[in-house]
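This briefing goes through the side-chain contacts of one protein chain. Please look at the structure first, then read the points by topic.

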Amino acid sequence: LSGLRRQAAVAISQELSKLACRSTGPSTWINQVRRRSSLLSSRLEEKPFSEMEMSYIKQGEEALQKSLSILGDQDGWKTETVMGNGDKVLSKVLPDVGKVFRLEVVVDQPLDAVYSELVDNMEQMGDWNPNVKEVKILQKIGKDTVITHEKAAATPGNIVGPRDFVSVRCSKRRGSTCVLAGMATKYGAMPEQEGFIRAENGPTCMILRPLAGSPSQTKLIWLLSIDLKGWLPKTIINQVLSQTQVDFANHLRERLAQ
C-alpha cells in the first residue's frame, strides 16, 4: 500500500509538471506559488488516503495549477468595471473554459486576517455575504483540501434562480503568498437538491499577498469562472458575475472592519 501511495504521488507530480510547462509567462509571485507540490508526498506518508480522497486532492491541485496558468497570461484581458476606490474587474474568453472574470482589490487588513476569514471561517460566509446563502464543509482531506456545498442566494428580482455548487477546494501558502483554488466536483453524499440548479465553477482561485510597501494591507485577486447552467442570456450572466465580484469586495471589507 505504501508503494502504491508513492507511485500515486509521483504520477500526480508528473501531471502537475506538464501543466506547469504549458503556462505562458507567469509573473514572479505566481512562479513562486507554482512550485511542485511536494506536500502531496509528505501528506501521503503522514496518513494513507483512499483512492477517492486521492482523486479529490488531485482535482484541487489541478484547479490551482490551471487557475495560476490563466492568471499568469497577461494578454487579452479587457476591463469590465473600475470603481472609484480602485477596485476593478477584468475579463477574457478562453477557448476551453469560456469567459472568466478577474477581480483586483486592496483590502485594508493584513493577510492573516483575510486568510482566516476566507479559509478558517469559510462556513460563516453566508453571515456577511448576501450573495451566499450557505457554505457547508462536507469533508476535509488532509490539511489543505475540503469538499464544500454552497447555496447561492437568489439575485434581485430572481433574475437568476436558486443555484448550488459542490466543489473541491485547496489552500496553499508559499511564503507571504496564499492561494485558495477550487473547481466543481462530484460527491455522492450530496446529489442535486430539489429547488436548486446544480451549477459548476472552476477553475477558480483567490490569491492573497501583502501589498508591496504596505504589509498591513492585502492585495486580493479573484479569478472567477462559473457555468450557471439553465437558460440564461450571456449578457445577464456577465453582468451578474462581475457585479458579484464587486459586491464581494465591499462585503469582505465590512466584515473585516467589524
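**Side-chain contacts in a predicted model**

Lys-172 is buried, with a relative accessible area of 4%. The model described here is predicted. Lys-172 takes part in a salt bridge, and the points below begin with that residue. Aromatic pairs, charges over rings and nonpolar cores follow.

**Salt bridges around Lys-172**

- The partner of Lys-172 is Asp-144, and the closest N and O atoms of the two are 3.6 Å apart.
- Lys-172 belongs to strand β6 (residues 163-174), while Asp-144 is in the loop between β4 (132-141) and β5 (145-152), so this pair ties together parts that are 28 residues apart in sequence.
- Asp-144 is also buried, because its relative accessible area is 16% and the cut-off for buried is under 20%.
- Salt bridges with shared partners join Glu-61, Asp-144 and Lys-172 into one network.

**Salt bridges around Glu-104**

- In total, the structure holds 14 salt bridges.
- One of them joins the side chains of Glu-104 and Lys-88, at 3.8 Å from N to O.
- Glu-104 counts as buried at 13% relative accessibility, whereas Lys-88 counts as partly exposed at 31%.
- Glu-104 also forms a salt bridge with Arg-102, and here the closest N and O atoms are 2.7 Å apart.
- Arg-102 has a relative accessible area of 6% and is buried.
- As a general point, side chains of opposite charge can pair when their charged atoms come close.

**Charges over rings**

- Besides its salt bridge with Glu-104, Arg-102 has its charged end over the ring of Trp-77, 5.3 Å from the ring centre.
- The charged end of Arg-173 sits over the ring of Tyr-115, at 4.8 Å from the centre of that ring.

**Aromatic pairs**

- The structure holds 3 aromatic pairs.
- One of these is formed by Tyr-56 and Tyr-187; the pair is tilted, with 6.2 Å centre to centre and 45 degrees between the planes.
- This pair links distant parts of the chain: Tyr-56 is in helix α4 (residues 51-72) and Tyr-187 is in the loop between β7 (177-184) and β8 (197-198), 131 residues apart.
- Are the two tyrosines, Tyr-56 and Tyr-187, buried or exposed?
- Tyr-56 counts as buried at 4% relative accessibility, and Tyr-187 is buried with a relative accessible area of 16%.
- Trp-128, Trp-222 and Phe-248 are linked into a cluster by ring pairs.

**Nonpolar cores**

- In soluble globular proteins, nonpolar side chains tend to be buried together.
- Here the largest nonpolar core has 37 residues.
- Leu-103, Val-114, Leu-118, Leu-208, Leu-220, Phe-248 and Leu-252 are the residues with the most contacts inside this core.
- Helix α7 (residues 234-257) supplies the largest share of the core, 8 residues.
- Another core, of 16 residues, lies apart from it, with Cys-170, Ala-181, Ile-221 and Leu-223 among its members.
- Which residues is Leu-103 in contact with, leaving aside its neighbours within four places in sequence?
- Leu-103 is in contact with Lys-88, Val-89, Leu-220, Ile-221, Trp-222, Gln-245, Phe-248 and Ala-249.

Notes
Residues numbered from 1 in each chain as written. Predicted model: local features only at pLDDT ≥ 70, side-chain atom pairs only at ≥ 80, totals over all residues. Heavy atoms only, no water. Salt bridge = Lys/Arg side-chain N within 4 Å of Asp/Glu carboxyl O. Buried < 20%, exposed > 50% of the residue type's maximum accessible area, 1.4 Å probe, protein only. Helix = DSSP H or I, 4+ residues; strand = E, 2+ residues; numbered from the N terminus. Phe/Tyr/Trp six-rings, centres within 6.5 Å; stacked < 30°, edge-to-face > 60°. Lys NZ or Arg CZ within 6 Å of the ring centre and 35° of its normal. Core = buried A, V, L, I, M, F, W, Y, C linked by side-chain atoms within 4.5 Å. Contact = heavy atoms within 4.5 Å.
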